[in-house]
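My notes follow the display.

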Amino acid sequence: MNKWEFNHQLNQLIAILTSKGFVTKGCNDQQLAQLEHQYGRLPVYYKIFLSKLGINAGDFKLGTAILFHEIDDINQGSLVLLVENNISIPTNFLAFLLHQGYSSLFFMDRHDDPMVYCYTEGDVIKNLNCKFSQCISAEIALYKTYQTE
């Protein structure tokens, strides 16, 4: 997926969220720089996502940690989850989602649109065989499905 398509999908999601009365807000350049100072180079597509929905994403992924102010907790919680389950910490590990403390999505490289990996408590690390943009696109499609039911 190219950057234009990814931006378009995020803009469509924002339009749905705002039509439902939610306020959406992205990270500013200073916040993104702060994250890169702390965690190293961020993948370009992840920065695009954060710049559009990193502060407030309405009810998108409600109950799952994905926002800027949760990134430290996401990474700390994901590391604890791996260590407690005797899973080796991958090189270049950067978690971007933590669901209820037992399932984490993360990168193991910092390419522009990296592959996404998942660890769920009691299992092994799995390559989801999709890039970050594809993962978010699938989550948006799932969200849209629930909006039409």
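I am working with a predicted model, so local features need pLDDT of at least 70 and side-chain atom pairs count only at pLDDT 80 or more, while totals for chains, interfaces and linings use all residues. Residues are numbered from 1 along each chain as its sequence is written, and side-chain values use heavy atoms, with hydrogens and water left out.

**Entry: α1 and α3**

I looked up helix α1 (residues 3–19) against helix α3 (residues 44–53) and found an angle of about 25°, with the axes 11 Å apart. The two are therefore roughly parallel (angles under 35 degrees count as such). From α1, I noted K3, F6, N7, L10, N11, L13, I14 and L17 meeting V44, Y45, I48, F49, K52 and L53 of α3 (contact means heavy atoms within 4.5 Å). I sorted the residues of this contact into 10 nonpolar, 2 polar and 2 charged.

**Entry: α2 and α3**

Next I took helix α2 (residues 29–39), which packs on α3 at about 140°, with axes 10 Å apart. The contact is made by L32, L35 and E36 of α2 with K47, L50 and S51 of α3.

**Entry: S78**

Is S78 buried or exposed? I found S78 in helix α4 (residues 71–84), and at 1% relative accessibility S78 counts as buried (under 20% relative accessible area, whereas exposed is over 50%). Leaving aside neighbours within four places in sequence, I see S78 in contact with D73, F93, A95, L97, L98 and S104.

Definitions and conventions:
Axes are lines fitted to C-alpha atoms, for helices over the stretch in contact, and angles run from 0 to 180 degrees between N-to-C directions. Helices (H or I, at least four residues) and strands (E, at least two) are DSSP runs, numbered from the N terminus. Angles under 35 degrees count as roughly parallel, over 145 as roughly antiparallel, 65 to 115 as roughly perpendicular and the rest as oblique. Ala, Val, Leu, Ile, Met, Phe, Trp, Tyr, Cys and Pro count as nonpolar, Asp, Glu, Lys and Arg as charged, and the others, Gly among them, as polar. Buried means under 20% relative accessible area, exposed over 50%, partly exposed in between (1.4 Å probe, protein chains only).
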